[in-house]
Amino acid sequence: MKKLYIPFLLLVVLLTACTPTSTETQGNIQKEKPKQEKPKAQSSDVLKVYYLDVGQGDSTLIRTPKGQHVLIDGGDNSQGENVVKYLKQYGVKQLDAVIATHPDADHIGGLDTVLNAIPAKSVYAPRVSHTTKTYEDFLLAVKKQKLKIKSAKAGGELPLDGVKAEFLAPVGDYGKDLNAWSAVLKVTYKNTSYLFSGDAERKSETDMVNSGVNLKADVYKVGHHGSDTSTSDEFLKAIHPTYAVISVGKDNKYNHPKDVIMKRLKKANVKVFRTDKEGTVISISDGKSISFEKAR
């Protein structure tokens, strides 16, 4: 018995010594992240929101607990391929809904590239048009997918399973004011909620507050990249967020986010994440609590 016992012990020691440690298997964060997400993101567990780093622009991916995907905006024209790479990295093979918040190029510029690369079930946009080549490219990409644009306006909802996704704006008709036309979406998962406000400015914010709709949200996607034309005191008070995310380009020519907005958020005790400093920001909700992680 002793002759059998000693080699077995040596074998156990050798196998243990050859087993890689957790540090050795970490490797490249970007490549490993999809593997790390599997235990967390099973189809009835969590809602994930990816605030994509697209420089001075806007693009946000929402993945529901049932595995549905919503893309809000696609950055400017130069960011289309990057957005497609992000979507493929996060396992998106089909988009259940694409939302073009308004016709500005830094929001819809990359959407034609996205729509030409990944099939979509539906596309939403406010009832306002533009004469730019960027907007025309967006319309052609929608047509190529044999889709018709559905109206994004206050009171409308996305047909998603397990979450509520409702448009809170635009509330009215804003003529040629493209920012005021911005589609504002609120997503609620159990006891947690997110507000995505595009470039909605004070006029639209006031209309939302006056409409009496429930604006309360745990996470606020700061309007217009932190411009001082958005995030009014009354609007921020109505949202009463715990967290805020600002999609903004590093050293941008607009000096976004403005100091007055950063001070306003700080005064309201809001924890702020910025894509120009942290890159893509990922928020995870289990329906009870919300956490954040960064992805480079």
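Modeller: A definition comes before any count: rings of Phe, Tyr and Trp (for Trp, its six-membered ring) pair if their centres lie within 6.5 Å. Please keep in mind throughout that this is a predicted model.

Colleague: How many aromatic pairs does the structure hold?

Modeller: With that cut-off of 6.5 Å between ring centres, the pairs can be counted over the structure. The number of aromatic pairs that the structure holds is 10.

Colleague: Which kind of pair do the rings of Tyr 220 and Phe 235 make?

Modeller: The centres of the Tyr 220 and Phe 235 rings are 6.0 Å apart, and their planes stand at 80°. Planes over 60 degrees apart count as edge-to-face. The angle between the planes of Tyr 220 and Phe 235 is 80°, and therefore this pair is edge-to-face.

Colleague: How many residues apart in sequence are the parts that Tyr 220 and Phe 235 tie together?

Modeller: Tyr 220 belongs to strand β10, which covers residues 219–221, whereas Phe 235 belongs to helix α8, which covers residues 233–239. The pair therefore ties a strand to a helix, and these parts are apart in sequence by 15 residues.

Colleague: Does Phe 235 count as buried or exposed?

Modeller: A residue counts as buried under 20% relative accessible area. Phe 235 has 1% relative accessibility, so Phe 235 counts as buried.

Colleague: Which kind of pair do the rings of Tyr 243 and Phe 273 make?

Modeller: The ring centres of Tyr 243 and Phe 273 lie 6.5 Å apart, with the planes at 40°. Planes under 30 degrees apart count as stacked and those over 60 as edge-to-face, while the rest count as tilted. At 40°, the pair of Tyr 243 and Phe 273 is therefore tilted.

Colleague: In which strand does Phe 273 lie?

Modeller: The pair links distant parts of the chain, which are 30 residues apart. Tyr 243 is in strand β11 (residues 243–246), and Phe 273 is in the strand of residues 271–274, namely β12.

Colleague: Which residue has its charged end over the ring of Phe 273?

Modeller: Phe 273 itself counts as buried, at 11% relative accessibility. The charged end that sits over this ring is 5.4 Å from the ring centre, and it belongs to Lys 271.

Colleague: What is the order of the open sheet of 6 strands?

Modeller: Within this sheet, β10 and β11 run parallel and are joined by 3 bridges, while 4 bridges join β11 to β12, which also run parallel. The sheet is open and has mixed pairing, with the order β7-β8-β9-β10-β11-β12.

Colleague: Which are the edge strands of this sheet?

Modeller: An edge strand here pairs on one side only. The two edge strands are β12 and the strand of residues 164–169, β7.

Colleague: Which handedness does the unit of β11, helix α9 and β12 have?

Modeller: The unit is built from β11, helix α9 with residues 259–267, and β12. These three elements make a β-α-β unit that is right-handed.

Colleague: Which strands stand at the edges of the open sheet of 8 strands?

Modeller: This sheet has the order β6-β5-β4-β3-β2-β1-β13-β14, with mixed pairing. Each edge strand has a single partner strand, so one side of each is left without a neighbour in the sheet. The strands at the edges cover residues 149–151 and 290–295, and they are β6 and β14.

Colleague: Which residue is the bridge partner of Ala 125 in β6?

Modeller: Strand β5, with residues 123–125, runs parallel to β6, and 3 bridges join them. The bridge partner of Ala 125 in β6 is Ser 151.

Colleague: What is the relative accessible area of Glu 166?

Modeller: Glu 166 lies in strand β7. Leaving aside neighbours within four places in sequence, Glu 166 is in contact with Gly 156, Glu 157, Val 184, Leu 185 and Lys 186. Buried means under 20%, and Glu 166 is buried with a relative accessible area of 18%.

Colleague: How much of the protein do buried residues make up?

Modeller: The secondary structure of the protein comes to 10 helices and 14 strands. Of the 296 residues in the protein, the buried ones make up 51%.

Methods:
Residues are numbered from 1 along each chain as its sequence is written. This is a predicted model: local features need pLDDT of at least 70, side-chain atom pairs count only at pLDDT 80 or more; totals for chains, interfaces and linings use all residues. Side-chain values use heavy atoms; hydrogens and water are left out. Buried means under 20% relative accessible area, exposed over 50%, partly exposed in between (1.4 Å probe, protein chains only). A charge sits over a ring if NZ of Lys or CZ of Arg is within 6 Å of the ring centre and within 35 degrees of the ring normal. Two strands pair if DSSP finds at least two bridges between them. A crossover is right-handed if, with the strands pointing away from the viewer, the path from the first strand over the helix to the second runs clockwise. Contact means heavy atoms within 4.5 Å.
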